[in-house]
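Here's a quick walk through a fold, from the overall layout down to a couple of individual residues. Have the viewer open as you read.

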Amino acid sequence: MGRAEEDAERRRRLREQPVIAVEERGDAVVVRLGGELDLYNAPLLRETLLDACGRSPGRIVLDLSEVEFIDSTALGVVIEARASLESRRVLLASPAIDVRRALKVSGIDRHLPVHDSVESALAASS
């Protein structure tokens with residue numbers, strides 16, 4: 001399998017399974033996401049985030065470092081998760097330039113803190 005085929009296969013897997021890992025770190029749950037977050041995998045994203053909210057963490061950090069694309073449906077799921085979390089503390093970490101642009105255009109960055117790394121999001125006091 002050549003490099004192009006490997007990349008295409010990786011993108012297909014990440015579109016179907018955008019949740020790479022969920023990890024508890026102190027009072028936070030870090031959800032590592034990847035690939036394309038869109039209408040097709042929004043139900044899995046919703047299930048994962050609502051499950052994380054159900055753990056009643058002090059905050060949820062979404063690691064977006066491997067996310068290549070995010071659409072309005074996925075952004076809506078993130079807002080839904082924030083509304084479900086008692087502390088309302090959902091932080092976004094490590095978005096690539098295109099994802100950061102989507103956060104800015106949608107206005108989400110005015111409501112959810114965006115950090116350059118997971119570590120800085122975990123260290124943030126608010």
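**The big picture**

Keep in mind that this is a predicted model. The protein has five helices and five strands, and from the N terminus on they come in the order α-β-β-α-β-α-β-α-β-α. The radius of gyration is 14 Å, close to the 14 Å that the globule rule gives for 126 residues, so the protein is as compact as a globular protein of that length. Along the principal axes, the C-alpha atoms fill a box of roughly 45 × 30 × 25 Å. Buried residues account for 40% of the 126. If you look at contacts between residues at least 6 apart in sequence, 69% of them join residues at least 24 apart.

In what order do the five strands line up? They go 1-2-3-4-5, in an open sheet with mixed pairing. Strand 1 (19-25) and strand 5 (114-115) sit at the edges with a single partner strand each, so one side of each has no neighbour in the sheet. Helix 2 (residues 42-54) packs on this sheet and touches strand 1, strand 2 (28-37) and strand 3. The direction of helix 2 makes about 175° with that of strand 2.

Now for the connections. Strand 3, helix 3 (residues 72-84) and strand 4 make a right-handed β-α-β unit. From strand 4, the chain crosses through helix 4 (residues 97-106) to strand 5, and this crossover is right-handed too. Within strand 4, Val-90 and Leu-92 point one way while Leu-91 and Ala-93 point the other, and all of them are buried.

**The cores**

Which residues touch the most other members of the largest nonpolar core? Out of its 27 residues, they are Val-31, Leu-33, Leu-49, Ile-60, Leu-62, Leu-64 and Leu-92. Strand 2, helix 2, strand 3, helix 3, strand 4 and helix 4 each put in at least two residues. Take Ile-60: beyond its neighbours within four places in sequence, its contacts include Val-29, Val-31, Leu-49, Ala-52, Leu-85 and Val-90. There's also a second, separate core of nine residues, with Val-30, Val-118, Leu-122 and Ala-124 among them.

Is Arg-59 buried or exposed? This residue of strand 3 has a relative accessible area of 8%, and because the cut-off for buried is under 20%, Arg-59 counts as buried. Leaving out residues up to four places away in sequence, Arg-59 touches, among others, Asp-27, Ala-28, Val-29, Ser-87, Arg-89, Ala-121, Leu-122 and Ala-124.

Gly-26 lies in the loop between strand 1 and strand 2. Its relative accessible area is 77%, and since exposed means over 50%, Gly-26 is exposed.

Definitions and conventions. Residues are numbered from 1 along each chain as its sequence is written. This is a predicted model: local features need pLDDT of at least 70, side-chain atom pairs count only at pLDDT 80 or more; totals for chains, interfaces and linings use all residues. Side-chain values use heavy atoms; hydrogens and water are left out. Two strands pair if DSSP finds at least two bridges between them. Helices (H or I, at least four residues) and strands (E, at least two) are DSSP runs, numbered from the N terminus. Contact means heavy atoms within 4.5 Å. Axes are lines fitted to C-alpha atoms, for helices over the stretch in contact, and angles run from 0 to 180 degrees between N-to-C directions. Buried means under 20% relative accessible area, exposed over 50%, partly exposed in between (1.4 Å probe, protein chains only). A crossover is right-handed if, with the strands pointing away from the viewer, the path from the first strand over the helix to the second runs clockwise. A nonpolar core is a set of buried Ala, Val, Leu, Ile, Met, Phe, Trp, Tyr and Cys residues joined through side-chain atoms within 4.5 Å. The radius of gyration is taken over C-alpha atoms; the globule rule is 2.2 Å times the number of residues to the power 0.38.
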